[in-house]
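Dear colleague,

Please find the structure below, with its sequence.

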Amino acid sequence: MTEFWLISAPGEKTCQQTWDKLMVATTRTNNLSTNNKFNIPDLKVGTLDVLVGLSDELAKLDSFVESVVKKVAQYMADVLEDSRDKVQENLLANGVDLITYITRFQWDMAKYPIKQSLKNISEIISKQVTQIDNDLKARASAYNNLKGNLQNLERKNAGSLLTRSLADIVKKEDFVLDSEYLITLLVVVPKTNYADWQKTYETLAEMVVPRSTNLLFEDQDSGLFSVTLFRKAIDDFRHKAREQKFIVRDFQYNEEEMKADKEEMTRLSTDKKKQFGPLVRWLKVNFSEAFIAWIHIKALRVFVESVLRYGLPVNFQAMLLQPNKKNMKKLREVLYDLYKHLDSSAAAIIDQSAVDIPGLNLSQQEYYPYVYYKIDCNLLDFK
């Protein structure tokens, strides 16, 4: 289960009491969740007006940063083109797996100095993550272009004899070159029609050179035959061949072009290999940065919301719950009983999934008598 509930409740006589009460209600007797204290440092409160404005801004910033975190994770999966565990082991925050990072969360004083105002801290995060988002777009675009061009070339070199590149199949000596009158054509013949080809190719047009056919290459279905004839008979030959299900390929032997194609393939392949390592390193580092930023925003939101709801002086306990999947509904009810005294207006909404009132779409903005934010660590969408 990679879902966490980040909640806060006011300190009773002490914050420790609030914590003990939660532990008794959710773990001692009924194993509803695994809980950790979530440490938020003493941040600068500022004025009520600023807090109210910040509450909205942080909500928007939260979903923006979450989207960037998911984009980086998903792109890591695309680049590694590999199994889930390969991707997962590269998605770390500060060198540890995500669950360990969240459950042992420590505020990063160096990156986000708490002497700054809340607004400044949120602006630092916003700038940092916008930069990651822009860099990702540029890097992904460059790498995807390279990958796309390489795939196109690879496609050209695979596929059936009717469409694939012939550069790596034919050799100079397969052709009559530099003749004013003669030309060598390449013909794709289905395997089942080989005998017909051998019997009829000399009679498909008037000026075919006898015994000039050779089988140059075979795939599962067809063979590629060469045949030499006079230039002026090409159209006639092509037409008659098609009637017999023999397809003449449009191909002219050009050493320079074929060499250029091969070199392009090698160059793209080398470029892709060269870019792969640095790109994966960049994704690892910036996934970590973005994820850390995201969890700091969650911390900021809990702080701001707790001050707005529970008032001053700052006195609340932030707690991270990892719900036991089978008991999520029960956990909601227990939390409600524990904290319903905090807000009488929430009495109507124990759990939106339990109340389905037409026209009243509560599930969009979950509201509980305690401060609540969900953190979903399931960031990859495997097709």
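The notes below describe some helices, a sheet and several backbone features.

This is a predicted model, in which local features need pLDDT of at least 70 and side-chain atom pairs count only at pLDDT 80 or more, while totals for chains, interfaces and linings use all residues. Residues are numbered from 1 along each chain as its sequence is written, and side-chain values use heavy atoms, with hydrogens and water left out.

Helices (H or I, at least four residues) and strands (E, at least two) are DSSP runs, numbered from the N terminus. Helix α7 spans residues 234-243, and Ile-234, Phe-237 and Ala-241 in this helix are buried. Buried means under 20% relative accessible area, exposed over 50%, and partly exposed in between (1.4 Å probe, protein chains only). Viewed down the axis of α7, the buried residues fall within an arc of 65 degrees, so they line one face of the helix; the arc is that of the directions from the helix axis to the C-beta atoms. The exposed residues Asp-235, Arg-242 and Glu-243 sit on the face of α7 turned away from its buried side. The cover over the buried residues of α7 includes β3 (182-190), α6 (194-200), β5 (222-230) and β6 (247-249). Just after α7, Lys-245 has a positive phi of about 70 degrees.

**The sheet**

Strands β3, β5 and β6 also belong to an open sheet of four strands, in the order β4-β5-β3-β6, with antiparallel pairing. Two strands pair if DSSP finds at least two bridges between them. The edge strands, each pairing on one side only, are β4 (214-218) and β6. From one strand to the next, the twist averages 35 degrees. Four bridges join β4 and β5 in the antiparallel sense, and Asn-214 stands opposite Ser-226 in β5.

**Helices α1 and α9**

Helix α1 (residues 15-28) and helix α9 (residues 328-339) have axes that come within 10 Å and cross at roughly 145 degrees. Axes are lines fitted to C-alpha atoms, for helices over the stretch in contact, and angles run from 0 to 180 degrees between N-to-C directions. Which residues meet where α1 and α9 are in contact? Lys-21, Leu-22, Ala-25 and Thr-26 in α1 meet Leu-331, Val-334, Leu-335, Leu-338 and Tyr-339 in α9, where contact means heavy atoms within 4.5 Å.

Tyr-339 of α9 is buried, with a relative accessible area of 4%. Apart from its neighbours within four places in sequence, Tyr-339 is in contact with Ile-7, Ala-9, Leu-22, Met-319, Pro-369 and Tyr-370. Tyr-339 and Arg-267 are 72 residues apart in sequence and 64 Å apart in space, C-alpha to C-alpha.

**Backbone features in loops**

Most residues other than glycine have a negative phi, and most peptide bonds are trans. Asn-31, although not a glycine, has a positive phi of about 45 degrees. Asn-31 is in the loop between α1 and β2 (33-37) and, at 48% relative accessibility, counts as partly exposed. Arg-211, in the loop between α6 and β4, has a positive phi near 50 degrees; at 75% relative accessibility, Arg-211 counts as exposed. The peptide bond from Leu-312 to Pro-313 is cis, with omega near -5 degrees, and Pro-313 lies in the loop between α8 (255-310) and β7 (316-323).
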